[in-house]
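Colleague: Could you take me through this model before I set up my calculations? I would like to begin with the surface and then turn to individual residues.

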Amino acid sequence: MRKLLIVVDFQNDFVDGSLGFEKAKELDSIIYNKIVKYKKNNYDVIYTFDTHYEEYLDTLEGQKLPVKHCILGTKGHDLYGNVASLYNKEEDITFLKETFPSLDLANYLKEHPYDEVELCGLVSNICVLTNVVMVKAALPNCKIIVDRNATASFDEKLNNETFDILNGIHVEVI
């Protein structure tokens, strides 16, 4: 069975930076342990990075969310905490994305199918949700899992509603 873990945007700016929130810090050891488990079992791990540039505030997203974050080359763009210690820039599959979902990720998955894909990271109701939809589009018969303990949102109501939406599109929420 081909299994994949996608670590979505577990970056400093979403944990303790410009868009950070307290609950995000609690995910570090949970995501760290997931990565270790996947790698130990010779399953794949992919990382996505929310990636913006100095002119971020001039983009549509920057106009809707006027907080500079995840600027390429800054500490805020880097992975957070213990998760960062597992990341190998030269070897790990990585997708830099300028918006919430990654079309490049979906295209990659279409060419490299998996039987099971689990997603974790930040933020549940934005980038995790939209990347789940991309996985679903690329791999319509793949089992998709989201562990409610390995994702979070700055808005607990939206976080819980996201799990309902995920269930509605046949994602297994554990």
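**Surface, fold and selected residues**

Modeller: The accessible surface of the protein comes to about 8700 Å², and carbon and sulfur atoms account for 52% of that area. Please keep in mind that this is a predicted model.

Colleague: What percentage of the residues count as buried?

Modeller: Of the 174 residues of the protein, 48% are classed as buried.

Colleague: And how does the radius of gyration compare with that of a compact globule?

Modeller: The two agree, because a compact globule with 174 residues would have a radius of gyration near 16 Å and the protein has 15 Å. The C-alpha trace spans about 40 × 35 × 30 Å along its principal axes.

Colleague: How many helices and strands are there?

Modeller: There are 8 helices and 6 strands. Along the sequence, their order is β-α-α-α-β-α-α-β-α-β-α-β-α-β.

Colleague: What share of the contacts joins residues at least 24 apart?

Modeller: That share is 75%, counted among contacts between residues at least 6 apart in sequence.

Colleague: Turning to charges, how many side chains are positive and how many negative?

Modeller: The protein has 18 positive and 28 negative side chains. The centres of these two sets lie 5 Å apart.

Colleague: How many aromatic pairs does the structure hold?

Modeller: It holds 6 aromatic pairs. One of them joins Y47 and Y87 in an edge-to-face arrangement, with 4.8 Å from centre to centre and 75° between the planes.

Colleague: Where do Y47 and Y87 lie?

Modeller: Y47 belongs to strand 2 (residues 44-50), while Y87 is in the loop between helix 5 (81-86) and strand 3 (93-97), so the pair ties together parts that are 40 residues apart in sequence. Ring pairs also bring in F49, giving a cluster of Y47, F49 and Y87.

Colleague: Now for A106: which helix does it lie in?

Modeller: A106 lies in helix 6 (residues 103-111). A106 is buried as well, at a relative accessible area of 9%.

Colleague: Which residues is A106 in contact with, leaving aside neighbours within four places in sequence?

Modeller: With those neighbours set aside, A106 is in contact with M134 and A138. As for V133, the C-alpha to C-alpha distance from A106 is 9.2 Å, and the two residues are 27 apart in sequence.

Definitions and conventions: Residues are numbered from 1 along each chain as its sequence is written. This is a predicted model: local features need pLDDT of at least 70, side-chain atom pairs count only at pLDDT 80 or more; totals for chains, interfaces and linings use all residues. Side-chain values use heavy atoms; hydrogens and water are left out. Helices (H or I, at least four residues) and strands (E, at least two) are DSSP runs, numbered from the N terminus. The radius of gyration is taken over C-alpha atoms; the globule rule is 2.2 Å times the number of residues to the power 0.38. Buried means under 20% relative accessible area, exposed over 50%, partly exposed in between (1.4 Å probe, protein chains only). Contact means heavy atoms within 4.5 Å. Accessible areas come from the Shrake-Rupley method with a 1.4 Å probe; for residues, only the protein chains shown count as cover. Lys and Arg count as positive and Asp and Glu as negative; His and the chain ends are not counted. The place of a charge is taken as NZ of Lys, CZ of Arg, CG of Asp or CD of Glu. Rings of Phe, Tyr and Trp (its six-membered ring) pair if their centres lie within 6.5 Å; planes under 30 degrees apart count as stacked, over 60 as edge-to-face and the rest as tilted.
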